[in-house]
Amino acid sequence: MLRRTFISITTAALLATPAFADNHSKDIVDTAVEAGSFSTLVAAVGAAGLVDTLKGEGPFTVFAPTDEAFAALPEGTVETLLMPENKDQLTAILTYHVMPGKVMSADIAGKSMEVGTVNGAMAMVDATDGVKIDGANVVQADIEASNGVIHVIDAVIMPK
């Protein structure tokens, strides 16, 4: 089952690549919308009031969970987080997926380190065998946008 899931994710990431070609003129939000595999993330960014921030000058490094990553959360989690009364918790989770600055995979290749996120918490990045952030695999890296870079991940990461 794990192998089939990995193959499916890898195939989906590879098939999504053309959607990201030459997107340097689009910001992070527009790039994610155009890709079509981040509708849950885009909805969450909107509910948290972070659209203008992620359309801003940046630069930002975004570890973007796919719709499948959000679907893997326990049932009802996404719906609960999208409720207006949970905006602070949703914002904390989403900003944990963002680092200030533009960090390309080549910048961290072969390294393992803690990195600061926009929400102020530290996340563990391990690029010694592939790239992982807090255990989530980067399934597609270095998708450049006009205001930063997106790295697609296969899980939603949570601040400690």
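## Cavities

Ala44, Phe70, Val78, Leu81, Leu82 and Leu90 line the second largest cavity. A cavity is a set of points, on a 1 Å grid over the protein atoms alone, where a 1.4 Å probe fits but cannot get out; lining residues have an atom within 4 Å of a point. This lining divides into six nonpolar, no polar and no charged residues. Nonpolar here covers Ala, Val, Leu, Ile, Met, Phe, Trp, Tyr, Cys and Pro; Asp, Glu, Lys and Arg are charged, and the others, Gly among them, polar. The volume is about 30 Å³, taken as the space filled by probe spheres set on the points, which are joined across faces, edges and corners.

The largest cavity holds about 80 Å³. Phe63, Met99, Ile108 and His151 are among its lining residues. By class, that lining has nine nonpolar, two polar and no charged residues.

## Model basis

The model is predicted: local features need pLDDT of at least 70, side-chain atom pairs count only at pLDDT 80 or more, and totals for chains, interfaces and linings use all residues. Numbering runs from 1 along each chain as its sequence is written, and side-chain values use heavy atoms, with hydrogens and water left out.

## Nonpolar cores

A nonpolar core is a set of buried Ala, Val, Leu, Ile, Met, Phe, Trp, Tyr and Cys residues joined through side-chain atoms within 4.5 Å. Buried means under 20% relative accessible area (1.4 Å probe, protein chains only). The largest core has 28 residues; Phe38, Leu41, Leu54, Val62 and Leu94 touch the most other members. Apart from it lies another core of 13 residues, including Tyr96, Ile108, Ala123 and Ile157.

How values were computed
Buried < 20%, exposed > 50% of the residue type's maximum accessible area, 1.4 Å probe, protein only. 1 Å grid on protein atoms, 1.4 Å probe; cavity = no way out; pocket = protein on both sides within 12 Å on 5 of 7 lines; lining within 4 Å.
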